[in-house]
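Here is a guided walk through a structure, taken one neighbourhood at a time. Please keep the viewer open as you read.

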Amino acid sequence: MPSEKIAPPLWQRNLLFAVVCLAGVGAVVSNLLKSDTMAAPKHQASRYEKPVFRTTVDWVDEEFAAEWKKTGLEPAERADDLTLIRRLSLGLTGTIPSLQEIRALETQPEDERVQWWLSHLFEDRRTSDYLAERFARAYVGVENGPFLIYRRRRFVSWLADEFEANRPYDKIVSSLITAEGLWTTNPEVNFVTVTVDQNEDKKGPDEVKLAARVTRAFLGVRIDCVQCHDDHLGDEWLQKDFHQLASFFGKADMAISGIRETGKPYEFKYRRQREPLEVPTIVPFQPELLPERGRPRQRLARWVTHSENRAFARATVNRVWALMFGRPLVEPVDEIPLEETPENPYPPGLEILADDFIIHKFNLQRLIRVIAATRAFGLDSKMPAGRTPPTLEHDQHWAAFPLSRLRPEQVAGSIIQSASLTAINADSHILFRLNRSIQQGEFIKRYGDIGEDEFYIQGGTIPQRLLMMNGSLVHERIKNDLVANAASRILATAPNDAKVVEATYLAVLSRRPSAEEADYFVRALSQKGFLDRKAKQADLYWALINSTEFSWNH
Amino acid sequence: MNSSSNPCNSNSHITRRTMLQATATGLGGLAWLTPVAHLLGRAQEKASAHAPAKSVIMLWMAGGPSQLETFDPHAGKTIAGDTHAINTSVKGVQFAHGLPHVAEVMHELTLVRSMVSKEGDHERATYNVKTGYRPDPTLVHPSIGAVVCHELPDAEMDIPRHISILPGQWPARGGYLGAQYDAFKVYNTNGRAGNITARVQPKRLDNRLAALKQVEQSFARGRRADLDAKTTLHNATIQKALRMMSSEQLNAFDITQAPAKTRAGFGDTQFGRGCLAAIQLIGAGVRCVEVTLNGWDTHANNHESHVSQNAILDPAFAALIRELRARKLLDQTIVICAGEFGRTPKTNPASGRDHWPTGFSMALAGGGFRAGHVHGATDPTGAKLEANDKDSIRVADIHTTIQHSLGINHAKELMTPILRPMALSDGRVIKTLLK
């Protein structure tokens with residue numbers, strides 16, 4: 001697979017050594033010269049001539065450290081590896097690690113586990129499938145869209161193929177913007193056909209919807225707010241900015257052979273005009289990056305993905321960060337200012353990660369690896385004994401890992417995964433897969449899918465708790481069933497009760513029990529009472545699955 | 001081009017970012033839920049003369065019924081096809097022939113025949129009619145039931161105050177008020193709401209809850225003391241769920257207690273049973289019940305489909321009005337029977353009618369709404385109504401009028417999670433619809 005594999009340990013250690021030496025020399029030199037030279041611009045691409053992974057991570061860490069110093073916040077400590085791999089699995093595959101995978105991880109050297117886990121996930125189709133679904137929400141929404149001419153599943157599966165091959169992200173986005181042909185044979189065309197409104201008089205893709213998607217999903221700017229009128233309350237955009245951008249999609253047309261570049265130019269009637277007039281194709285910022293020649297959508301794609309159009313890199317960094325943390329660096333996820341100001345500076349890390357993403361040719365897997373290696377991602381969401389618990393301020397400045405409620409499909413995926421000792425992935429038996437998707441679909445409906453509102457932090461609801469306490473999915477997955485359920489298998493195969501409790505905790509919460517918990521549940525299992533051991537084991541599963549810890553990313 | 005996508009309600013793109021700074025530290029958890037009310041509040045409309053209504057029943061006609069085959073027949077005209085009209089209990093007012101029972105209670109209804117909206121897509125139009133706002137990519141507006149629950153808090157109820165029976169594809173939502181204002185969905189009418197019965201005996205449930213407490217203690221260590229109360233609501237919600245599971249108010253879901261004769265009046269259908277359950281729930285103190293009847297999207301064979309749809313709606317709607325009246329609940333309950341839009345006056349080649357947001361009907365009853373009143377008319381030749389025609393009523397106006405009738409100040413602004421203040425509704429009170 002063309003993903004970025006982990007370098008051999010020896011090579012890595014040599015490299016690390018080189019970086020440490022270089023950093024040391026750099027520090028000395030910069031101290032010597034400090035008095036009489038101007039400080040270098042903060043975000044200069046030339047700083048990244050060498051693709052040194054660790055350096056990028058260090059720079060991000062430095063910015064966060066400065067932020068914490070400035071705000072007077074003492075960050076949390078590093079979380080343990082199992083906590084980190086749970087975060088990664090939830091963010092990238094929508095489910096928790098299996099017991100078998102945890103065992104495999106624990107045979108790896110301690111300092112390599114997180115990156116090893118990422119290599120493992122990148123080779124697993126679940127990752128590309130899940131990432132594709134999450135990105136697709138921003139590209140085409142969650143609904144089924146226009147009948148016949150829109151195939152969402154095909155679109156998502158095409159996107160998953162692209163992610164699996166780790167195709168450069170700028171190339172993927174270009175394919176979407178310039179897509180031509182049939183929605184069946186060229187699945188990327190669905191990005192365009194989803195906007196066709198079959199009830200309107202105009203037959204063809206909707207330029208306005210496309211322009212809104214492009215600016216929000218790819219550039220993290222919300223120009224669509226001025227589509228109806230100039231905003232006199234001080235927004236930076238004018239109405240014409242939006243319609244001139246929409247005009248790039250004007251010629252995209254629907255024909256028997258699919259989407260073609262044969263339509264009429266885009267026309268719009270501004271308020272002061274009598275008749276709709278043809279709108280020129282002009283980009284709202286950095287016009288120098290727009291190629292002069294070419295078909296309109298190709299020119300637009302070149303402009304959007306241009307390495308100097310930093311909005312593109314920032315928007316992607318922000319979205320990937322949000323997938324991994326459950327919360328974007330800049331909120332909302334699709335609105336990032338084009339310029340930072342002293343009053344409204346960019347959050348730590350954003351510019352460095354954007355630079356790294358550009359320099360490394362929009363490599364999504366590398367971006368994920370860099371973020372996973374930062375200190376901010378590795379922080380615990382709680383404080384050790386003796387320290388004051390993290391405050392909302394800690395969460396806000398990333399001085400502790402922020403809690404976020406799991407999405408419905410993550411909860412469903414986790415329940416089903418916790419009932420299996422091995423990873424349930426695309427290779428699993430067809431019956432398992434079928435079982436998983438049907439149960440999952442029903443569960444998600446009841447739990448309440450939040451659709452495109454991706455990153456709202458909300459508390460839990462009563463229907464969710466009823467579903468978890470009394471619903472059939474949990475009931476089926478915890479009951480005594482030696483063939484289907486891990487609960488029974490653990491009970492049947494673990495050498496003693498302490499191991500039963502440990503394996504159950506690992507399978508459900510991806511951690512070992514505290515001494516107190518182990519004590520409580522080992523005693524509960526061995527005590528004589530009105531329940532047999534199988535029932536007690538089901539009850540242990542029930543308690544773990546119904547905990548806050550299970551339903552939240554932490 | 002299609003200018004109906006991504007509308008943008010004008011106010012305050014500027015306030016958002018500025019306010020983001022001002023309130024950034026308070027953004028955690030659910031802090032934004034506090035109504036930072038009354039910003040820029042217009043003077044409250046003069047309170048309606050009699051006691052305000054307290055609750056809402058929404059009969060949701062999913063798919064969009066044809067006004068011509070229900071409340072606005074135009075019999076004898078080309079656009080009617082072969083639909084003929086029947087008299088109602090109000091002189092001079094006629095319905096299409098499929099609704100004889102509802103025709104008998106027309107004297108209790110306010111009928112609006114001049115509804116106008118800009119949304120011709122099912123999802124967008126459903127959003128529009130349920131919330132009073134057009135879809136906005138930056139935030140989700142709350143449905144009428146969520147607004148009512150938020151604005152009219154009341155004595156502790158064990159069961160949810162906002163319920164959707166037989167929910168369709170887009171049930172009522174809490175939107176920016178939070179998921180706790182979402183309608184509680186009931187997928188059957190067998191008397192038991194889903195998942196409210198524990199799978200195990202009480203003694204064993206106690207064991208499970210004790211075990212859960214152990215795990216929760218462990219998670220709470222090293223975290224904020226108010227994490228559950230302010231952010232996750234996890235254990236707080238479990239307590240509420242447990243209270244609901246053992247509440248006597250659950251009996252309101254069970255319609256088998258009603259006399260057989262009463263039940264029969266609603267028709268032997270899921271929808272009919274849902275309507276009776278709605279009455280019992282309102283009687284028990286629930287604020288808003290939505291009951292959905294699917295199947296109105298008649299792009300083919302419009303007339304035949306409306307015969308079968310009306311056969312379900314007719315007895316249920318009529319019995320609902322009669323039973324609310326008999327139980328003395330009609331004056332305090334606003335009933336709305338509506339779909340997301342109407343259907344085209346012209347039939348298509350498949351003998352169907354397509355989507356028609358420019359001139360459709362909505363029936364209302366109870367609360368402060370007039371009895372036996374008809375508002376507006378559509379063109380007998382099938383021309384579109386325009387939003388600025390004299391008698392046209394926009395969807396937002398209906399919401400504002402309903403809120404007014406409930407004693408809610410519709411101009412009150414709530415702070416949304418994107419820190420943009422938003423009025424509860426932005427229409428006009430249509431005084432002529434009210435007593």
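In which loop of chain B does B:Ala258 lie? B:Ala258 is found in the loop between α7 (234–245) and α8 (260–265) of chain B. Helices and strands here are DSSP runs, numbered from the N terminus, with helices (H or I) needing at least four residues and strands (E) at least two.

A word on conventions before going on. This is a predicted model, in which local features need pLDDT of at least 70 and side-chain atom pairs count only at pLDDT 80 or more, while totals for chains, interfaces and linings use all residues. Residues are numbered from 1 along each chain as its sequence is written, and chains are lettered from A and ligands numbered from 1 in the order in which they are written.

B:Ala258 counts as partly exposed because it has 18 C-beta neighbours inside 10 Å. The cut-offs are these: a residue is buried if 20 or more other C-beta atoms lie within 10 Å of its own, exposed if 12 or fewer, and partly exposed in between, with C-beta atoms placed from the backbone. Leaving aside residues up to four places away in sequence, B:Ala258 touches B:Arg263 and B:Leu276; two residues are in contact if their C-beta atoms, placed from the backbone, lie within 7 Å. B:Ala220 is 38 residues from B:Ala258 along the chain, and their C-alpha atoms are separated by 47 Å.

Now for chain B as a whole. Chain B has eleven helices and 15 strands, and 55% of its 435 residues count as buried. Among the contacts in chain B with a separation of 6 or more, 73% come from residues 24 or more positions apart.

Next, look at B:Gly145, which sits in helix α4 (residues 144–151) of chain B. Is B:Gly145 buried or exposed? B:Gly145 counts as buried, because 29 C-beta neighbours lie inside 10 Å. Not counting residues up to four places away in sequence, its contacts include B:Val56, B:Met58, B:His162, B:Cys288 and B:Glu290.

Strand β7 (residues 288–293) of chain B is mostly covered, with six of its six residues buried. In a regular strand the side chains alternate between the two faces of the sheet.

What does β7(B) pair with? β1(B) and β7(B) pair in the parallel sense over six bridges, where two strands pair if DSSP finds at least two bridges between them. B:Ile57 has B:Val289 as its bridge partner in β7(B). Strand β5 (residues 162–165) of chain B also runs parallel to β7(B), joined by four bridges, and here B:Ser164 stands opposite B:Glu290.

Follow B:Ile57 to another strand: its bridge partner in β8(B) is B:Val335. Strand β1 (residues 55–61) of chain B and β8(B) run parallel and are joined by six bridges. Strand β8 (residues 333–338) of chain B is mostly covered too, as six of its six residues are buried. From β8(B), B:Thr333, B:Val335 and B:Cys337 point one way and B:Ile334, B:Ile336 and B:Ala338 the other. Four bridges join β8(B) to strand β11 (residues 358–366) of chain B, and these two run antiparallel. B:Gly366 of β11(B) is the bridge partner of B:Ile334.

Finally, turn to a helix pair in chain A. Helix α14 (residues 350–359) and helix α15 (residues 364–373) of chain A cross at roughly 150°, and their axes come within 10 Å. Axes are lines fitted to C-alpha atoms, for helices over the stretch in contact, and angles run from 0 to 180 degrees between N-to-C directions. α14(A) and α15(A) are therefore roughly antiparallel to each other, the class for angles over 145 degrees. The contact is made by A:Leu353, A:Asp356 and A:Phe357 of α14(A) and A:Leu367, A:Val370 and A:Ile371 of α15(A).

Definitions and conventions
Parallel < 35°, antiparallel > 145°, perpendicular 65-115°, else oblique.
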